[in-house]
Amino acid sequence: MKRILLPISLIVFACLSCKKDTGTGAGSTSASITALSCGSGSFSAIATAGTAYSATATVPYSGGNGVSYSAGTAVSSTGVTGLTATLQAGTLASGTGNLSYAVSGTPSAAGTASFAISFGGQSCSLSLTVNASGGGPTLPAVYNKIYGATSITFDGTWVTIKCNALPDHKSHYYPVGNPLREVFSGTTFSGVTFMANPNTISTQNITLKIPVAPAVAATHAATPMGVIGVGLNGVPLFNQYAAGGSPLTGEITSFDQWWGHPQQTGMYHYHVEPLYLTTVKASKWALMGFLLDGFPVYGPKEENNTDPTGLDAYHGHTHATIDFPSGIYHYHFTATAPYLNGNGFYGTAGTVTQ
Ligand SMILES: [Zn+2]
Ligand SMILES: [Zn+2]
């Protein structure tokens, strides 16, 4: 007798609860919770823009009153549209537990789909990240000109460029046995007689993070010593100062046949026009690279073979280029100081690890 009676009483109790309790209903037997944690919510699948999506979202709550509840109505996504989240029927725990939502639809775009969910007297906004189709945002083609980078990645805001600082041209500074070693003598940049420094080129591990949408800075930060940008061949660009902030004059004598040299850790770099890029790989008026603030660097000429005019305190100016037809601020290499950059970055610089 006991074995039969107990299940019957449970079924009766459950049916009464079904009639009375809904997610938003009032009354002493309504489902209620004391907190709903959208921030700790999770989704069972990754969403991609334009691709049909079906997943379960799990949202933790606390303070459940042990009452059952029926399925909810569909909540449409905002921000990224095209999805709905629908509460699945269930029974609250007495205390903490999880609500389940069936999420489906086709997200309209990459970004964040938000669902304003409300249950048991609590509400919050549940967010789903929708990825771009094709694996991520598309890197603007101009960055592909940096052919010497070991990798270039893009998250939609930052372009992350990794390079090893090994020049793709011969140098007096490659170690003996390296096929790119070529002993040099004679005159270098600005007609100075070459005199080697004691350093040898070695592989570096440099990561530059630069903004894809460079913007003028309210305060123009000074350029740091070391890497301030990167050339198309993955060789770092340095500013117009030698170690300790002294003028570059004393270092020019150690520039090799292509007008670069390594510093004490073996990091090869250019302070002045990268002669290999302006005469072999590209041209005097071509894109040479980017500084950390995201603004591009051009050679010592304009596209019509004239010298740049009206360079400002930061050693740049604004006009259209073949890479940026609608116009952009850009730096120019020049034959005389400050050679590349003037009184600091024109824009807000990204970061570099070296
Ligand atoms: Zn140097
Ligand atoms: Zn220009």
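## Overall picture

Helices (H or I, at least four residues) and strands (E, at least two) are DSSP runs, numbered from the N terminus. By that count the chain holds three helices and 24 strands. This is a predicted model, in which local features need pLDDT of at least 70 and side-chain atom pairs count only at pLDDT 80 or more, while totals for chains, interfaces and linings use all residues. Residues are numbered from 1 along each chain as its sequence is written, and chains are lettered from A and ligands numbered from 1 in the order in which they are written.

Let's begin with the overall dimensions. Along the principal axes, the C-alpha atoms of the chain fill a box of roughly 110 × 45 × 35 Å. The radius of gyration of the chain is 31 Å, whereas a compact globule of 354 residues would have one near 20 Å; this radius is taken over C-alpha atoms, and the globule rule is 2.2 Å times the number of residues to the power 0.38.

## Burial and contacts

A residue is called buried if 20 or more other C-beta atoms lie within 10 Å of its own, exposed if 12 or fewer, and partly exposed in between, with C-beta atoms placed from the backbone. Buried residues account for 34% of the 354 residues in the chain.

Two residues are in contact if their C-beta atoms, placed from the backbone, lie within 7 Å. Of the contacts in the chain between residues at least 6 apart in sequence, 65% join residues at least 24 apart.

Strands of a sheet pair through backbone hydrogen bonds, either parallel or antiparallel.

Strand β4 (residues 53-65) runs antiparallel to strand β1 (residues 35-36), and two bridges join them. Within that pairing, L36 has Y61 of β4 as its bridge partner. Strand β2 (residues 42-43) is also antiparallel to β4, again with two bridges, and here F43 sits opposite A57. With strand β10 (residues 94-105), β4 forms 11 bridges in the antiparallel sense; T56 stands opposite A102 of β10.

## An open sheet of four strands

Another sheet is open and has the strand order β3-β12-β11-β7, with mixed pairing. Its edges are β3 (47-48) and β7 (78-79), each with a single partner strand, so one side of each is left without a neighbour in the sheet.

## The buried strand β20

Look next at strand β20 (residues 287-291): five of its five residues are buried, so the strand is largely enclosed by the rest of the structure. Strand β16 (residues 229-231) pairs with β20 over three bridges in the antiparallel sense, with F290 as the bridge partner of V230.

Strand β21 (residues 296-298) is likewise joined to β20 by three bridges and runs antiparallel to β20; P296 of β21 stands opposite F290. The hairpin of β20 and β21 has four residues between the strands, and G294 takes a positive phi near 90 degrees there.

## A closer look at T207

T207 belongs to strand β15 (residues 206-211). Why is T207 classed as partly exposed? It has 15 other C-beta atoms within 10 Å. Leaving out residues up to four places away in sequence, T207 touches T160, K162, V352 and T353. From T207 to F324 the separation is 117 residues in sequence and 24 Å in space, C-alpha to C-alpha.

Conventions
Pairing = 2+ DSSP bridges.
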